[in-house]
Amino acid sequence: MPTLNGAVVLITGANGGLGTHFVHQALERGATKVYAAARNPRDWNDDRIIPLVLDVTSPESIAAATDIANDVTIVINNAGASNGSSVLGDLAAARELFETNFWGALAVTNAFSPALKTSRGTVLNVLSVLSWLGIGDAYSATKAALWQATNTQRIKLAPEGVHVAGLHLGYADTPMTKGVDAPKLDPADVVRSAYDGIEAGSYEILADELSIQVKAGLAAPIEALYPQLAGARA
């Protein structure tokens, strides 16, 4: 089974939200080194934490990061964005969102795959309950695309000894959800569930009851998932 004890972990989007908890809890579970990656990394005042410049939308930045963090055993694709964009109308902002949430995550995994194959390591893609619900518009689309790519990654990388897991969660109390008026999860609990799932060898980690319910409802008629469709064509 994958383990955090003795691991070398790289976390994208490490500066805030879930990222800070991913950094600290990795060390609590015995990781020997954590690369805390961000566009503008901060000082962590801990020799075990290596601040790493990483812009997931920049091939040059990713290449430079792989040269430094070539000993990783776990990669956590946590970097993400939300810009309120839509799949309807002007698509410029939606394309920009895909660069971070979808293409960026794929590029990071591809770049670190050689190191992960050597270490028989782990990839965790931070997804969302909105991977299965279109109410998040373009954001939902990016997470749905990454969910399907995660399925492909785990099939393709499993023979190489790399374990690929996906984390689904509802709204967590992070800067990204500051304007959301809804119950929110404690990010520390979400990360705890994520690491528990990694160490249990889970492929799919559902961090809250909402994610469990929505996943279970995917086989139901579409109107059950989207009650607003009832009578829409009347």
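**View 1. Strand β6 is a mostly covered strand in this predicted model.** Take a look at residues 163-168, which make up β6: 6 of its 6 residues are buried. In a regular strand, side chains alternate between the two faces of the sheet. On one side of β6 you will find His-163, Ala-165 and Leu-167, and on the other Val-164, Gly-166 and His-168; both faces are covered.

**View 2. Strand β5 runs parallel to β6.** Here β6 is shown with its partner β5, residues 122-126. The two strands are joined by 5 bridges. To get your bearings, find Thr-122, which stands opposite His-163 of β6. That histidine is one of the buried residues from the previous view.

**View 3. Helices α1 and α5 pack against each other.** Two packed helices are described by the angle between their axes and by the distance between those axes. For α1 (residues 18-28) and α5 (residues 187-200), the angle is about 50° and the axes are 9 Å apart. The pair is therefore oblique, and α1 passes α5 in a right-handed crossing.

**View 4. Here are the residues where α1 and α5 meet.** From α1 come Leu-18, His-21, Phe-22, Gln-25 and Ala-26. They meet Pro-187, Ala-188, Val-190, Val-191, Arg-192, Ala-194 and Tyr-195 of α5.

**View 5. Thr-100 sits in helix α3.** This helix spans residues 92-119. Thr-100 counts as buried because its relative accessibility is 11%, which falls under the 20% cut-off. Leaving aside residues up to four places away in sequence, Thr-100 touches Arg-39, Val-56, Thr-57, Gly-80, Ala-81 and Ala-105.

Key:
Residues are numbered from 1 along each chain as its sequence is written. This is a predicted model: local features need pLDDT of at least 70, side-chain atom pairs count only at pLDDT 80 or more; totals for chains, interfaces and linings use all residues. Side-chain values use heavy atoms; hydrogens and water are left out. Axes are lines fitted to C-alpha atoms, for helices over the stretch in contact, and angles run from 0 to 180 degrees between N-to-C directions. Helices (H or I, at least four residues) and strands (E, at least two) are DSSP runs, numbered from the N terminus. Angles under 35 degrees count as roughly parallel, over 145 as roughly antiparallel, 65 to 115 as roughly perpendicular and the rest as oblique. A crossing is left-handed if the near helix is turned anticlockwise from the far one by less than a right angle, and right-handed if clockwise. Contact means heavy atoms within 4.5 Å. Buried means under 20% relative accessible area, exposed over 50%, partly exposed in between (1.4 Å probe, protein chains only). Two strands pair if DSSP finds at least two bridges between them.
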